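Please keep the sequence and the model in view while reading.

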Amino acid sequence: MLNYTLRRLLTVVPTLLVLIVFSFYLMRLAPGGPFTSERPLPPAVMANVLERYGLDEPLHVQLFTYIKNIVLHFDFGPSFSQKDRDVNDVIAQGFPVTLTYGFWSAVFVLACGIPLGIIAALRHNSFWDYSMTGLAIFSQIFPNFVLAPIMVLLFTLSWGLLPGGGWNGGQWEYIIMPAVALGTSYMAGVARLTRGSFLEVMSSPFIRTARAKGLPERTIIIRHALKPALLPTLTYMGPVFVYMITGSVFIDVFFSTGGIGQDFIDGAYSRDYSMLLGLTILYSLLTFTLNLLLDLAYAWIDPKVRSKL
Amino acid sequence: MKHRSLLIPALLSGTLLSSVQAATVPDSATLADDQTFTYRVMDEFSSFDPQVVEGVVGAEVVRDMFEGLYNQDAEGKNVPGVALSHTVSDDNMTYTFTLRDNAKWSDGKPVTAGDFVYAWQRAVDPELASPYAWYMELMSIENASAIIAGDKPNTDLGVSAPDDHTLVVQLSQPLPYFDKMVSHATTFPAPKWAIDAHGKEWTRPENIVSNGAYVLTEHVLKERSVRKRNPMYWDNDNTVIEKVVTLNIGDEAQGLTRYRAGEVDKTEIPAGQYPTLKDEFPDEAYALPRLCNYYFTFNVASGPEAFKDARVRQALSYAIDRSVITDAVLQGGQFPAFTFTPGATANFEVPEVEYATMTQAERDAKAKELLTEAGYGEGGETLSFNYLYNTSETHQQVAIVATQMWKQKLGVDVTLENQEWKVFLETRGNQNFDMARGAWCGDYNEASTFLDLLTTPSGYNDGKYSNAKVDSLMTEAKSSQDTTPLYAEVEKILADEMPVVPIYHYSTNIMLDSAIQGWPINNVEQTWYSKDLYKVAQ
């Protein structure tokens, strides 16, 4: 397993390099630049600005300097749109926000989705099953950009229970709506997946064996059925979790959380190259790390996977 | 050198002086206990550094935290800021400002003329590379252009401080409206010691030193910024608002929801919602004139051959029923435009251009006549071209309405094409269009900020219109004491030649809580200062 982990880690560097080079050139293909504006800068001013940010150098030199600064100083460069800030600084402020509500959203997804799925499976074809399936389908077809405004109308405008947006240092009342709005459709997904796989597992031979041995139903569910039944959920949650903690543009903009989700879109619109590249690297690292953790978790859960590592 | 005194009017009247510079609370008003003003901003600020900041919302914050030579009053007129008055030399090339002796930085140091010299030299310094360096060129300060181009050191800038309370500015050409330009953020003083100590990070709440009515106390990127009153500010006794909070709310509709929930005191009204909100909140919904225009520009240099014919350009302009666009589509109190310069611009009298006085039916008839004369439309060739605009729902609506009018009235075929903002700017800037959307907001309250756009050397003249008479009139206006007839003549030429089709002049639609008083609703630049506001108990 250690060997496997090390091998995987070694692939990060070349993958990242390819990604950086590819993204770097791709970004520059888009017409316009960070300093293109309604009022074109006079040539002398433009020349100064480009020089200041090193954008007057040939592209390959810029790329080399960029990579060098990351390797030597862990410096992702200055932000072109927020001129008092560096990319490191913007990410350092925004990422904890996204991480916080993404984490709570994932907790919400799992804490509600898994029990709902299990209950539905255990009470197969009952009132509980139908209401859970109904609820799941209902939440899944409700995209967050519909759900979020409804939540704000109810919880903020009508009942005055929660603030309509903002972050305020991450107080709990500011986290609830972003986390729930972000997670609801995934929660439904998790519930349906859990239900399906639980039903399958419960009818498999090893559960029959456990029943035949006379084990209590409780033990069968918790000790024997839960782990294999969660495998599809885990597969599903891996990418979803990356998505959640890297921020949703919609949630960030709508709830004004100050998270990094919106930086990606803003960066693209404003051609803030260093911001875009910095975020791309962050996202890739997160995706990579979480995928690795996920694979290790598979191995922990499934002996068949473990033996192949 | 003989100096002509140009004491600003506020100085001539002591009462006016004290009443226009700070919050003027009537005796009958009961102030609210909590003097916090919270407002919505859409995007994160580009910077808090006066010489670097760009954009309207950034300038608003910087204006609260720093004070320049002059401030603007509720009408947009200059009132003393750090400077009390100024004199101008006979040749209109030297401005001497007298600074007050009680102005202080938030760390207690006195604000001196040297702080302005440093700031202005900084603004043109190629090393700082401020995108706003062009503003110093626009102000015609001696050597500004050469310094920006790297040909001279920034110490050669035409600005000096003979003593701590005198600032002398040397211009490269007379500029009658120079004093109107010194309430702009780029011209605010800068604290050299703080910048030297902290570099780019000097604008962080823990490092910043400022000389305005407020100091920055908190800044959470893309979430909020908080500024509290500056006890060192010379007029702090007359400031009422204790704390100003900006909340970043990217979504306009969400801004309105949070306004309804009482979380913000001011927000922008989403497009098309002004009439209903005005009915619902008659005392809180405002449509304020704004110094911005919206126009279609013809590519007269490399566009379709037909656009080289002024009759075609006129016909297309005449056929647009502007009131449909302002009253039925936009519905936000915009003004139909027949001149390039908004009527609200200072010292600008809207000249009587012929087509503005006609009824729409007359304009439509004239449009047909002109187009036929030019050989298009009925009995002639079908006129067809592309119209380019940047992706936005409003621009799309305007484009559809305008092209429908052309189609129905003149039989003109227009293909609509939209592009993402920066792609659009690049396409338009390279003249790869037939007709394109344009809009311009004044940098200062004077007609030249608009009309200069249509002169031959202007870098923003994307349609490449060129008329020697317009150029010479605009050059003459730079040094003339009476610019009104010159600008009127330029507008008349523009109405005849129609290089651009003025569509409407903007308005700002805002919701402002009725507890907030002192808002300068008559200031067309919407230059507001938190220190002039106060909150009444409700």
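Two residues are in contact if their C-beta atoms, placed from the backbone, lie within 7 Å. The model is predicted: local features need pLDDT of at least 70 and side-chain atom pairs count only at pLDDT 80 or more, while totals for chains, interfaces and linings use all residues. Residues are numbered from 1 along each chain as its sequence is written, and chains are lettered from A and ligands numbered from 1 in the order in which they are written.

Chain B is assigned domain 1 (3-19 + 27-243 + 513-535) and domain 2 (289-508), with bounds from an automatic or database domain assignment. Between these domains of chain B, 14 residues of domain 1 are in contact with 15 residues of domain 2. The centres of the two domains, taken over C-alpha atoms, are separated by 34 Å.

A nonpolar core is a set of buried Ala, Val, Leu, Ile, Met, Phe, Trp, Tyr and Cys residues joined through C-beta atoms within 7 Å; buried means that 20 or more other C-beta atoms lie within 10 Å of the residue's own, C-beta atoms being placed from the backbone. The largest such core has 94 residues, of which B:Val62 and B:Met136 touch the most other members. A second, separate core of 63 residues includes B:Tyr318, B:Leu330, B:Met405 and B:Leu494. Beyond its neighbours within four places in sequence, B:Val62 is in contact with B:Phe48, B:Pro50, B:Val53, B:Ala185 and B:Phe188.

Where the chains meet, chain A contributes 38 residues and chain B 40 residues to the contact.

Definitions and conventions: Buried ≥ 20, exposed ≤ 12 C-beta atoms within 10 Å, placed from the backbone.
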